[in-house]
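Please have the sequence and the model open while I talk.

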Amino acid sequence: MTAPVLSLVGVSITLGGRQIVHGVDLSVGSGEFVGIVGPNGAGKTTLLNAIVGTVPFAGEVALTGRGVTTMTRGERARSVALVPQRPVVPPGMTVADYVLLGRTPHLGLLAGETRRDIEAARTSLVSLEVEGLSGRDLASLSGGEFQRVVLARSLAQGAPLLLLDEPTSALDVGHSQRVLGLVDAMRRSCGLTVVAAIHDLTLAAQFCDRLVMMSGGRVVSEGKPVTVLTESSIRAHYGATVRVLDDGDGRVVVIPSRSDPDTAVHRPDLMRELR
């Protein structure tokens, strides 16, 4: 039996004396697109950082059967790529050079980029529709442009597992759809495995094969989007009133709705306090 691309067993994470993640188990097979959803502070970003080895954890994290703590930094970088929420921006660097940095894990000691590395970077720029920005300074980009360039760098890395941390947070609805659509197309054509923390529940339901809902650092639900994204679960863990509808193609759409009349904002005692 082939080992899963990603396996987490009993992963717990404590930072600054506070436990952020509690005993998470997760297995992701080759070619899956798994979304991690949950309210702010649920531990989604921290969990992704543990997978790439940038925060300490208890339990086991394995990439294709091999524990990440036994891997060198270069081996991890060739196995998994992370698109973070807040990437470091090197000063005075062009888009083309920044994307080419994604090829660093494949270079030998003191070796320069090969034609293959340059072509991989160019292909990722074309795929994310940012080839026209190649000569621009990173500092001159809009938030949406920069987010697509960061994703292009991660795709150029050529790792079989791609982690996305809120990949559409700086994008409008059109670019959000196109970026996730491109990631999904590359997953299908190249056998890429994707795990993404996604804030937009409708986008998560539209693109992910499976969702994992986290709340309070724990996995509270896992399965197909239609089983995870229910009005009751979103109310319980997000404190939000929504309607969950079928889009007609077997996927769900999450629509925020106004709170019920008996919620806190309509309490006379609270209204007196606000005055």
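By a pocket I mean, on a 1 Å grid over the protein atoms alone, an open set of points where a 1.4 Å probe fits, with protein on both sides within 12 Å along at least five of seven lines, and lining residues have an atom within 4 Å of a point. Grid points are joined across faces, edges and corners, and a volume is the space filled by probe spheres set on the points.

This is a predicted model, in which local features need pLDDT of at least 70 and side-chain atom pairs count only at pLDDT 80 or more, while totals for chains, interfaces and linings use all residues. Residues are numbered from 1 along each chain as its sequence is written, and side-chain values use heavy atoms, with hydrogens and water left out.

The largest pocket holds about 840 Å³ of space. Its lining has 26 residues, and the closest to the centre are Arg-73, Ala-77, Leu-82, Arg-153 and Gln-157. Helices (H or I, at least four residues) and strands (E, at least two) are DSSP runs, numbered from the N terminus. Helix 2, residues 73-79, gives the largest share of this lining, with 5 residues. By class the lining divides into 13 nonpolar, 8 polar and 5 charged residues, where Ala, Val, Leu, Ile, Met, Phe, Trp, Tyr, Cys and Pro count as nonpolar, Asp, Glu, Lys and Arg as charged, and the others, Gly among them, as polar.

The second largest pocket, with a volume of about 340 Å³, is lined by 22 residues, of which Gly-41, Ala-42, Gly-43, Lys-44 and Thr-45 lie nearest its centre.

Four strands form an open sheet in the order 2-1-4-5, with antiparallel pairing, two strands being paired if DSSP finds at least two bridges between them. Strand 2 and strand 5 (66-67) stand at the edges, each with a single partner strand, so one side of each is left without a neighbour in the sheet. Helix 1 packs on the sheet, in contact (heavy atoms within 4.5 Å) with strand 1, strand 2 and strand 4.

Which residue is the bridge partner of Leu-15 in strand 2? That partner is Arg-18, and 7 bridges in total join strand 1 (residues 6-15) to strand 2 (residues 18-28).

Definitions and conventions
Axes are lines fitted to C-alpha atoms, for helices over the stretch in contact, and angles run from 0 to 180 degrees between N-to-C directions.
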